[in-house]
Amino acid sequence: MSIKQLTLMPIQAARTHFLLLSVTAVLYLCWLRRDDNYLTAENGTGYFLGIIGGSLMLALLLYPLSKRIKLLTRWIPVRYWFGIHMAFGILGPAMVVLHANFQLGSINSSIALFSMLLVAGSGLIGRYIYTHIHHGLYGARITLRELKTETDSNHTGLLALYTDHDSGSRRGEVLKKLMNEMEQKALQPYCGLITTLTQVIQLAINAQKSKRQVIKLLDEGLENNSDKPLPDSKEVLDSVNRYTLALRRAAAFKLYERLFSLWHILHLPLFIMMIITAVIHIFAVHMY
């Protein structure tokens with residue numbers, strides 16, 4: 001990943017999360033006016049927001065069904081069903097919150113609201129994890145082999161930058177040994193959630209230290225060889241940044257992959273609980 005790509009990441013993130021940011025802004029403005037009684041859950045706009053929001057939450061089932069029912073994918077490809085799923089997962093809870101006017105009602109309505117918020121929060125967590133094991137929200141799934149190839153490429157580029165200007169030096173062997181040690185820690189197989197999480201944290205903490213060691217070895221070798229033109233310092237820094245970033249991504253990938261698997265196991269029961277509490281809430285409201 002280049003520095004230019006890193007610079008564009010905030011812009012791309014804002015574009016990707018435009019709907020979420022917009023809905024958050026609307027909710028904030030409505031929260032400021034919540035005491036004006038523009039919306040009530042019992043009738044009018046507030047009532048219809050509840051119906052629409054609940055329907056959108058129920059429509060979230062279309063995405064998992066689209067992966068099992070070919071008829072749905074004939075109309076809309078799976079990746080677009082996923083986009084619809086993400087949009088409904090934001091709009092549905094927002095409408096239900098507006099329906100409730102940011103207030104708790106009866107016991108059954110409060111339980112239904114908290115169940116929905118739990119599912120919505122779980123969805124946001126899943127969305128965050130998903131983007132770390134895929135190329136963005138709608139891209140293909142990342143593989144560990146792909147990340148290792150990226151690491152190897154940056155390893156070769158960084159080592160070539162050094163050896164081109166200080167070939168045959170003992171520092172070259174020290175640099176190579178340091179990089180191999182870093183890669184061994186980052187690319188070791190998955191060995192349990194807690195252990196892998198500890199490894200990722202340790203790698204993140206040691207990243208700056210290792211980065212300083214690599215830069216120091218590069219600087220010593222490049223400055224001691226005055227016969228050849230020195231590369232631009234920004235080029236050296238960019239190369240080191242790409243290398244350490246590739247290592248951190250490879251180390252974290254195994255953790256995110258496992259977390260996504262665990263999230264899948266938890267998310268479905270939460271969704272079912274939300275549906276049950278919503279049905280009870282609707283039944284209680286219209287019967288009593």
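1. A definition to start with: a crossing of two helices is left-handed if the near helix is turned anticlockwise from the far one by less than a right angle, and right-handed if clockwise. We will need it in point 4. Please keep in mind that this is a predicted model.

2. First, the overall picture. Of its 288 residues, 35% are buried. Taking the contacts between residues at least 6 apart in sequence, 76% join residues at least 24 apart.

3. Now to one pair of helices. H3 covers residues 44–58 and H6 covers residues 78–100; they pack with their axes 7 Å apart, at an angle of about 150°. Because angles over 145 degrees count as roughly antiparallel, H3 is roughly antiparallel to H6.

4. Here the opening definition comes in: where H3 passes H6, the crossing is left-handed. On the H3 side, the contact is made by Gly46, Tyr47, Leu49, Gly50, Ile52, Gly53, Gly54, Leu56 and Met57. H6 contributes Phe88, Leu91, Gly92, Pro93, Met95, Val96, Leu98 and His99. What kinds of residue make up this contact of H3 with H6? There are 11 nonpolar and 6 polar residues, and no charged ones.

5. Just after H6 comes Asn101, which takes a positive phi of about 55°.

Notes. Residues are numbered from 1 along each chain as its sequence is written. This is a predicted model: local features need pLDDT of at least 70, side-chain atom pairs count only at pLDDT 80 or more; totals for chains, interfaces and linings use all residues. Side-chain values use heavy atoms; hydrogens and water are left out. Axes are lines fitted to C-alpha atoms, for helices over the stretch in contact, and angles run from 0 to 180 degrees between N-to-C directions. Helices (H or I, at least four residues) and strands (E, at least two) are DSSP runs, numbered from the N terminus. Angles under 35 degrees count as roughly parallel, over 145 as roughly antiparallel, 65 to 115 as roughly perpendicular and the rest as oblique. Contact means heavy atoms within 4.5 Å. Ala, Val, Leu, Ile, Met, Phe, Trp, Tyr, Cys and Pro count as nonpolar, Asp, Glu, Lys and Arg as charged, and the others, Gly among them, as polar. Buried means under 20% relative accessible area, exposed over 50%, partly exposed in between (1.4 Å probe, protein chains only).
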